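The exercises below concern a predicted model. Work through each task before reading its solution.

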Amino acid sequence: MRIISKICHVVFSFLFAIMLTAYFITAENVGIISAALNQPTSERIDVSDEIQDTDYFKTNYTCLDDLINDGIALSEEIMAEGAVLLKNDNNCLPLDPNSEGNISIFGVASVDPAYGGEGSAAATNPLDPVDVKEGFESAGFTINDKLYGFYNKNKNAYVSTGYKINDASWSDVTSDEKVSASFGQYGDAAVVILKRIRGENGDLYYNNPSCDGEGGNYLALNENEKSLLRGLAELKGTTFNKIIVLLNAPNQIEAEFLFDPEYKIDAALWIGSVGVSGMSAVGKILSGEINPSGRLSDTFWMKHEYNPVMANFGVRQYANSSDFSSQFPTTSGNSYTGMNYTTYVMYQEGIYVGYRYAETRYYDVVSLRPGAGDFDYNEAVAYPFGYGLSYTSFEYKDFSVDYDQRTDRYTVKVTVKNTGEVAGKEVVQIYLQKPYTDYDVKNHIEKSAAELVGYGKTEALEPGAEQQITVSVNGSQLASYDAYGIGSYYLDAGSYLFTAARNSHEATNNFLAENYGMDTGDTNMVASFDKEADPITYSDGIVNLFDGGDILRYKNASDKNNAHYISRNDWAGTMPDGKVDIYLTQEMVDDIIRQNGDGWIESGNTAYPTYSKDAGLQLIDMRADNEGNPIPSDSEYWDEFMDQLSYREIAELITTGLRKTGLLESIGKPSTVEHNGPTGLTQKYGESVNGLAYIYGDPDSSKSPPYYPSLGILASTFNTDIAAKFGEMLGEDALWAGYSGFYGIGLNTHRSAYDGRNFEYYSEDPFLSGAQAARVVTGLQSKGCNAYVKHIAGYEQQTCRVGLSVWSNEQAYREIYLEPFRMAIVEGGASNAMTSYTRIGVTLCPASRELCTDFLRGECGMKGFVVSDMWKGRYLDSQLVTCLMAGCDLPDSDLSADIYDKYEENYGNVAEQMRTAAKRILYATVNSNAMNGISAGTRIVKITPPWQQALITGTVVSGILFLLSTLGYAITGISKRSF
């Protein structure tokens with residue numbers, strides 16, 4: 001009996017310990033676990049019989065089946081308008097499926113194409129995509145099944161893994177005699193699909209020996225791909241009539257091979273990553289059912305070595321970092337989970353990103369500007385920004401530009417005529433040339449020879465049809481940022497030229513024709529305006545904010561640094577010849593370490609806000625006034641409302657942010673779900689109890705929303721209507737999936753083609769990125785889903801991203817890297833923002849008051865809140881208050897509200913900022929779809945979810961068993977001694 005009692009005691013002791021531990025661990029993660037199990041943590045109770053319409057944001061759908069099908073159709077439409085025809089020698093395309101429809105598709109991507117990207121943007125349960133075979137066959141082509149079967153059978157042997165491109169060599173493909181024999185029957189065309197794809201936390205290799213691309217370059221061809229192209233070229237004219245290349249890569253593959261006569265390539269199409277149904281559009285483009293109208297959102301380089309960015313892409317250790325290593329916290333060294341303190345990158349190219357470099361250098365060489373040096377445009381650039389071919393031709397005429405001084409807007413008009421034989425759409429691009437003056441040289445202001453300032457796309461024009469395109473350009477777009485002179489925007493004196501062009505290179509040639517009488521372009525497409533110097537109009541309230549991010553201006557920089565920026569005043573003398581060397585100083589180290597704690601925050605007698613006042617207000621009351629007008633964020637009513645909250649409630653609200661915002665029972669604030677997904681929402685429709693899919697019990701709730709082509713393809717549509725449609729569709733998905741916030745408006749710049757997350761971002765051009773994203777934001781928020789613009793700022797690579805110091809000058813920050821964010825907020829109305837993992841100089845982005853408060857709130861007027869990127873494992877919890885005081889309102893993590901306990905007394909300044917952060921979260925929430933279903937008579941009460949009830953029951957039962965077993969063991973011990 002004693003042995004049995006002992007065994008029971010040990011077992012129940014162990015069980016109770018496990019249950020008790022589980023209870024305390026899960027108690028801190030109730031929201032996460034409940035969301036994963038799809039179990040509610042609150043319920044809504046109506047305390048009023050009043051009936052009113054509480055669907056503040058309405059869906060246009062009655063079931064998921066219709067919504068999903070429309071999303072799939074939109075994915076195809078985006079590819080139809082965004083795919084770019086790069087090459088089409090001798091009118092190779094389109095192929096007539098009736099007479100030349102028997103085709104052979106080469107490359108392992110024929111069975112394993114790039115549909116989306118990797119990392120946090122990937123769907124958890126993606127819809128079955130339209131594959132290559134299905135897409136091409138639906139367009140009327142007959143596919144070589146033996147070749148397709150070869151790739152399908154051997155897919156695992158040839159598929160790309162990590163940074164190995166792999167694929168099957170020509171000898172591998174032809175080693176199967178049945179496959180080789182099939183070529184003749186399917187020789188109307190050989191279609192070669194070249195695939196590249198990466199994702200979060202990994203950049204593409206440029207010169208790493210572990211990569212099998214030429215020279216360790218992931219965006220160059222490898223030997224297997226070259227052998228395939230050589231083998232096909234040998235059979236051209238006998239077995240294969242045409243050779244067509246599809247670039248299935250969001251990141252631009254080096255395009256020099258497309259011009260190599262050895263490969264005899266007739267046509268090439270850039271398709272990025274294709275989304276759930278993009279392959280249907282690709283098939284229709286090849287057949288001619290769709291006339292391609294996409295225009296490049298990035299420059300295609302012959303080789304990326306010609307891009308000056310590559311001299312400083314990646315990371316570098318501070319030259320003397322070992323001298324200070326003992327002062328920095330120990331990190332894991334992993335770029336995903338460890339904070340970096342001694343790595344940096346310098347954006348030495350300044351504003352000269354992409355075409356801004358290529359076109360400006362070309363312009364200065366051709367115009368014989370002193371110091372222009374040697375630069376062969378045709379050797380460096382394969383296809384310019386904005387480039388794209390069509391199956392028809394277009395004529396531009398009746399170009400005019402009118403200026404309205406009252407509105408400070410330029411109205412550009414041009415008539416487009418289809419002069420070809422088939423219907424098609426044309427993209428009209430408006431470029432501006434600013435004068436480059438002695439003032440600019442003196443004050444280190446850089447100017448591009450051409451920059452995009454507007455665009456428009458025609459309808460599908462039938463042969464002979466015309467359409468006038470009208471584009472409006474704001475006068476502020478003529479100003480440049482003068483960081484070293486007046487410290488604000490400055491309109492230089494001189495002539496400002498506008499042109500309508502088909503791409504950036506045509507625009508530059510038009511400017512050369514106008515300014516130098518060269519026969520390179522069309523002067524009929526140029527208009528000029530003379531302006532006087534104006535340091536006032538565009539500088540109101542705007543001052544330098546990012547001197548600390550410019551190593552030439554940072555007050556604690558070392559005098560050993562060899563840093564400088566590229567200048568068109570002396571191209572030859574300022575071009576980078578390697579990574580810039582920067583040295584740490586003790587003051588720099590102190591500035592970095594200071595952010596890890598709160599020692600810099602002064603305590604004192606600053607007054608605390610009012611807490612726990614009984615005002616009888618619920619959050620829904622802050623949505624609109626009695627006349628139905630929205631209550632602005634600066635209304636005095638918010639002060640009365642915020643006085644109701646307790647200190648603890650505020651602390652809990654601003655520490656609960658792991659892709660959500662927390663519930664506050666006292667004021668009727670519901671919990672919200674916020675998620676990733678720049679190319680489509682990532683979670684299943686039925687994951688959240690807040691979604692219509694869950695509420696209606698829709699039979700398709702287990703499916704995930706459609707995923708779309710890479711955002712570079714969306715940008716390449718040059719179609720703002722499609723961008724708005726895309727945003728609205730994301731908003732519909734959010735309503736059905738229960739999202740009130742979308743971490744998906746990725747607006748970092750395609751600084752180089754090697755950023756692993758380029759598929760999540762739009763373009764190398766800030767205006768194109770901002771204009772398209774602004775429409776996406778408008779569409780998304782029309783359905784009550786708050787847009788988070790991310791990752792602000794200086795987040796153009798993945799390597800060592802957490803804590804990486806980014807050094808650039810303020811003009812580049814303003815005109816290139818921050819401009820898309822500004823446009824998405826000012827023109828699109830984006831509510832929220834997510835900061836990047838990087839630093840502006842030595843200051844973490846979420847700890848930068850200049851970024852989070854002065855720029856986002858002060859200049860852009862953003863009304864919602866700022867959230868950090870994923871917090872746990874990257875940041876120290878001791879950094880939280882520093883970030884809060886800078887204006888970062890919420891960590892993307894669930895932290896303990898106890899962090900704020902020490903500030904409950906003697907830190908009124910911290911308490912006031914806590915209240916401000918909470919108000920921003922509440923303001924964003926009350927203006928979102930989270931309030932659907934809530935009226936003035938609704939109360940939200942916490943409930944214990946079933947899983948937690950079961951855990952509590954199990955803990956109690958195991959505790960009782962533990963006590964009984966303890967008692968039994970004690971009794972048997974006494975009984976034993978009594979004998």
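Two strands count as paired if DSSP finds at least two bridges between them.

**Exercise 1.** Find the order of the strands in the open sheet of five strands, and name its edge strands.

Solution.
1. The order is 9-10-25-27-28, with mixed pairing.
2. Strand 9 (316-317) and strand 28 (843-844) each pair on one side only, and are the edge strands.
3. Strand 28 is joined to strand 27 (residues 839-840) by two bridges, in the antiparallel sense.
4. In this pairing, I840 stands opposite T843 of strand 28.

**Exercise 2.** Describe the packing of helix 22 against helix 23.

Solution.
1. Helix 22 spans residues 720-737 and helix 23 spans residues 766-781; their axes lie 6 Å apart at an angle of about 35°.
2. The crossing of helix 22 and helix 23 is right-handed.
3. Helix 22 contributes T720, D721, A723, A724, F726, G727, E728, L730 and G731, which meet Q772, R775, V776, G779 and L780 of helix 23.
4. By type, the residues of this contact are six nonpolar, five polar and three charged.

**Exercise 3.** Characterise the largest nonpolar core, and list the contacts of F106 beyond its neighbours within four places in sequence.

Solution.
1. The largest nonpolar core has 261 residues, and L86, F106, F136 and F257 have the most contacts inside it.
2. Helix 28 (residues 908-926) supplies the largest share of this core, ten residues.
3. With neighbours within four places in sequence left aside, F106 is in contact with L147, Y151, W170, V173, F183, A190, V191, V192, I193, L228, L232 and F240.
4. Another core, of 30 residues, lies apart from the largest one; among its residues are A479, A500, M525 and Y538.

Conventions. Residues are numbered from 1 along each chain as its sequence is written. This is a predicted model: local features need pLDDT of at least 70, side-chain atom pairs count only at pLDDT 80 or more; totals for chains, interfaces and linings use all residues. Side-chain values use heavy atoms; hydrogens and water are left out. Axes are lines fitted to C-alpha atoms, for helices over the stretch in contact, and angles run from 0 to 180 degrees between N-to-C directions. Helices (H or I, at least four residues) and strands (E, at least two) are DSSP runs, numbered from the N terminus. A crossing is left-handed if the near helix is turned anticlockwise from the far one by less than a right angle, and right-handed if clockwise. Contact means heavy atoms within 4.5 Å. Ala, Val, Leu, Ile, Met, Phe, Trp, Tyr, Cys and Pro count as nonpolar, Asp, Glu, Lys and Arg as charged, and the others, Gly among them, as polar. A nonpolar core is a set of buried Ala, Val, Leu, Ile, Met, Phe, Trp, Tyr and Cys residues joined through side-chain atoms within 4.5 Å. Buried means under 20% relative accessible area, exposed over 50%, partly exposed in between (1.4 Å probe, protein chains only).
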